[in-house]
Amino acid sequence: MRRVTVPRRAGAAVVALAVSALTLTACSTGGGTGEDASEKVEGQVTFQTWNLKANFKDYFEGLVKDFERKYPDTRVKWIDQPAEGYPEKLSADAAGGTLPDVVNVSPDLAYPLAKAGLALDLEKAAGKYRGEYLDGAWKSHRMPGLPGVYAFPWYLNTGPMFYNKELFRKAGLDPDKPPTSYDQLFTDAVAMAKKSGRKTAMLAGTPSIEDFGRYGVRLMNARGSEFTFNEPKGVELLRHYKELYAAGALDSQALTAQAESAGRKFEQQSVAMNPGSALDLQNFKKDAPSLYRHIGITDAVNNTGKANMYVQGLMVNAQSKVKPAAVAFAHFVTDKKNQMAFARKVTIFPSTKGSLDDPYFTKEDGTDATRVRVAAAKSLKTAVNYTPVLLSDQMKTVLRNAVARAVQGKQSPRAALDGAVAECNRLLKTG
């Protein structure tokens, strides 16, 4: 069965979406309130998902029938869009006034719609449901500069960290106590590089915006109007990575490595830690049995006590003619029962409180799938979405290039991050 992954930010298409949406509702102050969402649940609801029909047709058709049985005066028209071109489709619908009543979005796609007044503020229209969801999941669809929440949290994901117990043992480190804080990670990484004569690196990648968040760096100001990851704590993190690189504790190809090449380094046992999924674990068992025998699973290192959360949501169109039915349907799809049913069909996690305590997410049965599922579910209970919804692909490239210059010693960590923040803030204002 295909594994549901959380789509990445769509870059320029998101900007286009923002422009189209703002053009459509130029007089809006942002965030529809939906005071009438408590009226009678009736009418036809259009429901749009993102690349789910091919593998989950029966599930969603059953979901629709269950809802229509519960609310006999409603009908649901399900539309599924392909992954390719989804942001552009949202942009066209926003510009043409044809957005469906309930729309599958990630936080970055919800932002321009919320800013334009096309996304219903669920704090006002459906705040009574807030207590049903994990706090971090509910807050993931808060938007900078806007007062509410603009989508029901739906399915979640996170990535566990794999580590090589044998490499830890050879370095004189406790194979049953992988690093949980960055200070421990840096100390262990240098020790491993020294013990191996610089032949074994702890990591194969430089820090992304998520790492800055997990380190405890404030990424944006309270208003969400400026990036702030160049604060002293951000400079401190980058300085540590520069030291790791110089010590051989960061793989020499980390500056240019893609996720796939980092995975190969881990499989070849020249890198001791790497993020992954249940699918990776199955591949290790088949392709690298000597590595598989020594695999440990832990949370990604953080200083905050909170893992990173990837989240999908269901947005209600603030201009919907059937708001009460749209709110009821979005809540129905994302309620505890239906999220749990979906999670049993694919590798995702429910955003509802209590669901992650189900034995399905807490008890291992000896299979690779449950080893990873249990580890991920445990971390998701308190996880947060560290990546700012306003960080575009172009901005991510700016940060990545700045990190590379600092790690190589071509620029000081302070100067590199100051430049990156200045450029990202310029792009934020002109975008």
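Predicted model: local features only at pLDDT ≥ 70, side-chain atom pairs only at ≥ 80, totals over all residues.
**Stop 1: Asp108.** Select Asp108 in helix α4, which spans residues 107-115. Is Asp108 buried or exposed? Its relative accessibility is 9%, so Asp108 counts as buried. The side chains of Asp108 and Ser106 are joined by a polar contact of 2.8 Å.

**Stop 2: Asp280.** Move to helix α12, residues 278-287, and pick Asp280. Relative accessibility here is 27%, so Asp280 counts as partly exposed.

**Stop 3: aromatic pairs.** Start with Tyr129 and Phe152. Their ring centres are 6.2 Å apart and their planes meet at 50°, so this pair is tilted. It links distant parts of the chain, 23 residues apart. Tyr129 sits in the loop between α5 (122-125) and α6 (135-139), while Phe152 belongs to strand β4 (residues 152-157). Colour both by accessibility. Tyr129 has a relative accessible area of 17% and is buried, because the cut-off for buried is under 20%. Phe152, at 0%, also counts as buried.

Now select Phe266 and Phe284. This aromatic pair is tilted too, with 5.6 Å from centre to centre and 55° between the planes. Phe266 has 1% relative accessibility and counts as buried. Phe284 is at 6% and counts as buried as well. Helix α12 is also the place of Asp280, from the second stop.

**Stop 4: an aromatic cluster.** Select Phe47, Phe56, Tyr59, Phe60, Phe67, Tyr71, Trp78, Trp154, Tyr155, Phe329, Phe332 and Phe342 together. These residues form one aromatic cluster.

**Stop 5: Tyr360.** Finish at the ring of Tyr360. Which residues place a charge over this ring? One is Arg344, whose charged end sits over the ring, 4.7 Å from the centre. Another is Arg373, which lies over the face of Tyr360 at 3.7 Å from the ring centre. Keep Arg344, Arg373 and Tyr360 on screen to view both contacts.

Methods. Residues numbered from 1 in each chain as written. Heavy atoms only, no water. Helix = DSSP H or I, 4+ residues; strand = E, 2+ residues; numbered from the N terminus. Buried < 20%, exposed > 50% of the residue type's maximum accessible area, 1.4 Å probe, protein only. Polar contact = N/O pair within 3.5 Å; in protein donor to acceptor, adjacent residues only side chain to side chain. Phe/Tyr/Trp six-rings, centres within 6.5 Å; stacked < 30°, edge-to-face > 60°. Lys NZ or Arg CZ within 6 Å of the ring centre and 35° of its normal.
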